[in-house]
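This report describes one protein chain for a reader who is new to structures. Please look at the sequence and the model before reading on.

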Amino acid sequence: MTKGRILSGMRPTGKLHIGHLVGVLDNWVNLQEDYDCYFEVADWHALTTKYDSTESIRENSRELVIDWISAGIDPEESVVFVQSDVKEHAELHLLLSMITSVSRLERNPTYKEQIEELNLGNSVPYGLLGYPVLQAADILLYKGDTVPVGKDQLPHLELTREISRRFNYLYQEVFPEPEPKLTEVPKLLGTDGRKMSKSYGNAIFLADGKEEIEAKVKEMVTDPQRVRLDDPGDPEVCSVYDFHKIFNQAELEELGAACRQADIGCMDCKGRLREVLIAELAEIREKRKELESNPEQIDEILAQGAAKARKVARATMEEVRAAMKL
Ligand code: TRP
Ligand code: SF4
């Protein structure tokens, strides 16, 4: 039986945190065995919002790949590559843009949100409107049939499916109709109880060492009603407990009960979390160090990934041009 093919990607916008780990990366790692996987650093996609500050994109791309590999993406097993290394993405994007209507793109909810969030008014870049067309090109170039993504990406996947159908209808059956693979994402908030995000300063990064983890756990908000040690607490309103739920199943019940009966103090409860997090990230940190001290290894991985990706991309483009009689 042939394996299904996965294409997924991330924009290189900065360091990954443990929310990405439990939400996306662990999932990618587990899919590697059962699927033929392509993992793309979507650096051109990063330009849609960062066209005026491009100096960090290259470095971020490398850091992203270091995060992926440290977390268990195996570049021997999966194809790990940078979008801009495979120019066929640009060609397919252009061709697909010819069969996609502007009004359909303007109806994309993600697009509308971005315009508002970034306050773009009348200065919306053309590339931002075409963002999902480029994403469709990413997926279809590799004939990805399965796309593991978060809920926020569903509108883009729907567009990819429409574009694929339209191409196949207008010219010839070339592309699959890719299915999103929604994953059960455990809700992991930041250390302050808000959404975990780099910009809120409430994230624990894959690259964090012991000291950083310790300091961040210390700062975490607990049950605000629990002021003194002998006040019983409510773990269900505590962000420390939310972390225990994800990273410390083994001690979860015990800690919850101890909190309710005021048998454990928040300091000790945080101490347990700190140990669990340090252990969880230890292997990643080791691997990270090794890769950071060996930049040629990343160059080599990306060169090989690009070569493998290009081969598939070129074959698809042959078919596309033939189908379109170009
Ligand atoms: N748009 C995706 C995001 O912001 C990144 C991305 C680019 C992607 N190309 C893709 C995701 C192809 C899945 C498939 O997260
Ligand atoms: Fe939260 Fe633990 Fe304190 Fe209870 S004991 S409030 S779960 S930190």
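The sections below go from the whole chain to single residues.

## Overall form

The model is predicted. Its protein chain has 14 helices and 5 strands. The radius of gyration is 22 Å, close to the 20 Å that the globule rule gives for 326 residues, so the chain is as compact as a globular protein of that length. Along the principal axes, the C-alpha atoms fill a box of roughly 75 × 45 × 45 Å.

Of the 326 residues, 49% are buried.

## Aromatic pairs

A pair of aromatic rings is described by the distance of the centres and the angle of the planes. How many aromatic pairs does a search of the whole structure find? The search finds 8. One of them is formed by Trp 28 and Trp 68, with 5.1 Å from centre to centre and 70° between the planes. This pair is edge-to-face, because planes over 60 degrees apart count as such. Trp 28 belongs to helix 1 (residues 18-31) and Trp 68 to helix 3 (residues 57-70), so the pair ties together parts that are 40 residues apart in sequence. Trp 28 is buried, at a relative accessible area of 1%, and Trp 68 is buried too, at 0%. Ring pairs also bring in Phe 39, which forms a cluster with Trp 28 and Trp 68.

Another pair is made by Phe 81 and Tyr 142. Their ring centres are 5.3 Å apart and their planes meet at 50°, so this pair is tilted. Phe 81 is in strand 3 (residues 79-82), while Tyr 142 is in the loop between helix 8 (131-141) and strand 4 (146-149). The two residues are 61 residues apart, and their pair links distant parts of the chain. Is Phe 81 buried or exposed? Phe 81 is buried, with a relative accessibility of 0%. Tyr 142 is buried as well, also at 0%.

## Charges over rings

The charged end of Lys 15 sits over the ring of Phe 205, at 4.4 Å from the ring centre. In a second case, the charged end of Arg 194 is over the ring of Tyr 200, at 4.0 Å from the centre.

## A buried threonine

Thr 100 lies in the loop between helix 4 (88-97) and helix 5 (102-106). With a relative accessible area of 13%, Thr 100 counts as buried, because the cut-off for buried is under 20%.

What lies 2.7 Å from a polar atom of the side chain of Thr 100? It is the backbone oxygen of Leu 96. Leaving aside neighbours within four places in sequence, Thr 100 is in contact with Leu 105, Val 133, Leu 159 and Ile 163.

## Helix 11 and its partners

The buried residues of helix 11 are Ser 239, Val 240, Tyr 241, Phe 243, His 244 and Phe 247. Which helices do the buried residues of helix 11 pack against? They pack against helix 1, helix 12 (252-260) and helix 13 (266-292).

Arg 228 is in the loop between helix 10 (210-218) and helix 11 (239-247). Arg 228 is exposed, with a relative accessible area of 57%.

## Positive phi angles

Most residues other than glycine have a negative phi. Asn 119 has a positive value, near 55°. Asn 119 is in the loop between helix 6 (109-117) and helix 7 (126-129), and is exposed at 68% relative accessibility.

Lys 325 also has a positive phi, near 60°. Where is Lys 325 placed? Lys 325 is in the segment after helix 14 (295-323). Lys 325 is exposed, with a relative accessible area of 72%.

Note on methods:
Residues are numbered from 1 along each chain as its sequence is written. Chains are lettered from A and ligands numbered from 1 in the order in which they are written. This is a predicted model: local features need pLDDT of at least 70, side-chain atom pairs count only at pLDDT 80 or more; totals for chains, interfaces and linings use all residues. Side-chain values use heavy atoms; hydrogens and water are left out. Rings of Phe, Tyr and Trp (its six-membered ring) pair if their centres lie within 6.5 Å; planes under 30 degrees apart count as stacked, over 60 as edge-to-face and the rest as tilted. Helices (H or I, at least four residues) and strands (E, at least two) are DSSP runs, numbered from the N terminus. Buried means under 20% relative accessible area, exposed over 50%, partly exposed in between (1.4 Å probe, protein chains only). A charge sits over a ring if NZ of Lys or CZ of Arg is within 6 Å of the ring centre and within 35 degrees of the ring normal. A polar contact is a pair of N or O atoms within 3.5 Å; within protein, one must be able to donate a hydrogen and the other to accept it, and residues adjacent in sequence count only if both atoms are side-chain atoms. Contact means heavy atoms within 4.5 Å. The radius of gyration is taken over C-alpha atoms; the globule rule is 2.2 Å times the number of residues to the power 0.38.
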